[in-house]
Amino acid sequence: MKILFATSEAHPFIKTGGLADVSGSLPNAFVDLKHKVRLVLPAYKTVIEKLPKKGYRKVAEAEIGGCGRTFNCKILQLKAGAMKGVDYPVWLVDIPELFDRDGNPYLADDGSDWWDNGERFGVFSKVVTELAMGRMGLKWQPDVVHANDWQTGLVPALLSQEEQAPKTVFTIHNMAYPGNFPHSLFKLLELPESLWGIEGVEFYGHFSMLKAGLMKSDWVTTVSPTYAKEICFPEFAYGMEGILQMRQKEGRLAGIINGIDDQVWNPEVDELIVKNYSANKGRIAGKLANKEALLSELCLLRGEDEKRTKARLDTCLDAPLIGLVGRLVEQKGIDLVLEVMPEIIQQTTANFVVVGSGNKYFEQQIKKLAAKHPSRVWAFIGYSEILGHRVEAGSDMFLMPSRFEPCGLNQMYSLAYGTPPIVHHTGGLADTVVNATDENISNGTATGFVFYDPSRHALKSTILHALHLFTKKRTWQKLQKNGMHQPFKWKQSAKQYLELYKA
Ligand code: ADP
Ligand code: GLC
């Protein structure tokens, strides 16, 4: 089968969150299963800078209409295998006016959306459609186009207007980002009038690129079975529950859990951590060495000298270390974390390490806590892939109290790294973590800690429960091993996507 996978971010090219992890690794799983896949991604400045000089070339060129202007668009093709971990060819959509910018793919330096995001991703989707229809002279037409989130939501809608178009799958990674724009953008992009209206891309008078994907794709999927159910209810669907209920009734809504890339997120082979380990080999020593290295790195990063660092390590290496890596946004329950951290610090010996960025208020509050408790809280505000891996390996437990979580990858990474996660029972967190109740511990299924009410009390008592079990070494080790044996590999999920493609 020939699959065109369209996305706005993909590891190792550019990443802001889990969509990049999925877009980089799911295509590899299709290749392993002997299918042909091409990834299509905007040629952001950061992406071009990362490309191996000899691994890519221009393969096509066309004029594409934007908002009252026409762009010259080049397609750059990166050969399969030209970059480590990228076993498929990549098509980069090179339109310098739209993508040749520093920094984040969606946000300007001041944290606000790029002013022209509607035009940027509207035009990107038009180019993907041209590629999918085989109209760019590339002699490769896919059987299926797999689009992801609002940035490529227009692709299924545009393809629905074509004769003999490939079939389309649209995956929702997060309903919280609707890609809403004024009707004027729809006009300016000169999109087919037949797409306007409530049966199309209109959402309460606005133009929604997310709705375009939901309405017009052959299949809608999301990234966990529980989130697939949740989004049919108003609390999770931001007004789109009616559409999702309709797609569900048609039998066209599926929840397929994400996998993890075991070449990248695997403590046995991870090149970014100081000591490799597995469930059965070197786990205890490995985790301790990684904890020590992580804490010294963070002390040095905040300007402490070696003597000071050593003194800190002497006092905190035995104490439980609770890690958190992620976007510091409301979705992730950061407000709850901020409420309970001071109490946990006061009432227990546990320490915290936080790596994240996002909402400025959350960033400041975390920095304040770290400044107030320098021997108890370490914070890195910013994005660091390396620290992300090191926190997974070096922490004793991982905090992920998300208010909602379509899938969540960090809890799966935590399981794989022997770092039992503490999670709220929602979306993919509910599907991947088995609570450490007495029964689940004794029947050998427990892998982490789950709380059912997103409140500070529930979070605090669950953290206290985890800290208590941490002192029961044998039980803790069982919990770690159970988690490390969880089979969240891509192969199974990739097969489920292939079933849909065939259907
Ligand atoms: P989401 O996609 O909602 O952000 P996921 O758990 O699916 O949540 O995936 C988040 C991914 O982004 C993980 O690979 C995580 O390690 C990474 N990540 C998020 N924020 C940071 C950060 N500040 N530094 C390093 N990695 C980060
Ligand atoms: C989104 C979701 C996250 C999911 C990721 C990849 O960013 O917030 O839960 O794991 O996409 O599908």
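A salt bridge here is a side-chain nitrogen of Lys or Arg within 4 Å of a carboxyl oxygen of Asp or Glu. The model is predicted. In it, arginine 247 and glutamate 250 meet that definition, with their side chains in a salt bridge at 2.9 Å, N to O. The two partners fall into separate accessibility classes. Arginine 247 has a relative accessible area of 5% and is buried, because buried means under 20%. Glutamate 250, at 44% relative accessibility, counts as partly exposed.

A search of the whole structure finds 22 salt bridges. One of them joins the side chains of lysine 45 and aspartate 102, with 3.0 Å from N to O. With a relative accessible area of 26%, lysine 45 is partly exposed.

Another pair is formed by lysine 332 and glutamate 405, whose side chains meet in a salt bridge at 2.9 Å, N to O. This pair, too, links distant parts of the chain, 73 residues apart. Lysine 332 lies in the loop between strand 13 (321-328) and helix 13 (334-347), and glutamate 405 in the loop between strand 16 (397-400) and helix 16 (410-416). Both lysine 332 and glutamate 405 are buried.

Key. Residues numbered from 1 in each chain as written. Chains lettered and ligands numbered in written order. Predicted model: local features only at pLDDT ≥ 70, side-chain atom pairs only at ≥ 80, totals over all residues. Heavy atoms only, no water. Buried < 20%, exposed > 50% of the residue type's maximum accessible area, 1.4 Å probe, protein only. Helix = DSSP H or I, 4+ residues; strand = E, 2+ residues; numbered from the N terminus.
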